[in-house]
Amino acid sequence: MARHVVATVDDIPPGQRMLVKVGGREIGIFNVGGEYFAVGNRCPHEGASLCKGRIVGLVESSEPGSYQFSRRGELLRCPWHGWEFDLRTGKSWCEPDRTKVRSFDLKVESGGALVEGELQAETFPVVIEKQYVVIEV
Ligand code: FES
């Protein structure tokens, strides 16, 4: 797997997303309260551009007239037929054992860590302050 630097953390504020193209694939990167998740931009139901859907939470009801809202911003609703996917796992909320959107490993690394390599030449002090979102595809 190759690593790709796709953005700085400042490019994707909490609650926001960014669509990137890596290795010919469209991938959506989501910032959920400071945690980053990456899923493929193809709905496993009928192929809609899933990452353009609404970011929602979970509404549950234990009895008529009573409901609880939780997991704000952790579910992605497909714009075509409304299936919802868990951004943490990629699983469909309705059919978690059968339907899943492709998810990708993603890390946030400092600029200093990104430039470290195995072979070293004469070095000079350089300050790289930003943090970068790095995806493995
Ligand atoms: S294409 Fe996504 S729910 Fe149908």
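I count a salt bridge where a side-chain nitrogen of Lys or Arg lies within 4 Å of a carboxyl oxygen of Asp or Glu. The model is predicted, so I take local features only at pLDDT of at least 70 and side-chain atom pairs only at pLDDT 80 or more, while totals for chains, interfaces and linings use all residues. Residues are numbered from 1 along each chain as its sequence is written, and side-chain values use heavy atoms, with hydrogens and water left out.

**Entry 1: salt bridges.** I searched the whole structure and found nine salt bridges. In one of them Lys130 pairs with Asp10, with the closest N and O atoms 3.7 Å apart. Lys130 is in the loop between helix H1 (111–114) and S9, and Asp10 in the loop between S1 and S2, so the pair ties together parts 120 residues apart in sequence. Helices (H or I, at least four residues) and strands (E, at least two) are DSSP runs, numbered from the N terminus.

I then looked up accessibility, where buried means under 20% relative accessible area, exposed over 50%, and partly exposed in between (1.4 Å probe, protein chains only). Lys130 is partly exposed at 41%, and Asp10 is exposed at 57%.

**Entry 2: a network.** Glu35, Arg71, Glu74, Asp86 and Arg88 are linked in a network of salt bridges. Asp86 meets Arg71 at 3.0 Å, N to O. Asp86 lies in strand S7 (residues 84–86) and Arg71 in strand S6, so this pair ties together parts 15 residues apart in sequence. Asp86 is buried at 8%; Arg71 is partly exposed at 24%. Glu74 meets Arg88 at 3.1 Å, N to O. Glu74 is buried at 14%, and Arg88 is partly exposed at 36%.

**Entry 3: the sheet.** Six strands form an open antiparallel sheet in the order S1-S9-S8-S4-S3-S2, where two strands pair if DSSP finds at least two bridges between them. The edge strands, S1 (3–8) and S2 (17–22), each pair on one side only. Five bridges join S1 to S9 (residues 131–136), and His4 stands opposite Ile135 in S9.

**Entry 4: cysteines.** I looked for disulfides, meaning pairs of cysteine sulfur atoms within 2.5 Å, and the count is zero. Cys51 is in none; the nearest cysteine sulfur, that of Cys78, is 9.8 Å away. Cys51 is buried at 3% relative accessibility, and Cys78 is buried at 6%.

**Entry 5: burial overall.** I noted that buried residues make up 35% of the 137 residues in the protein.
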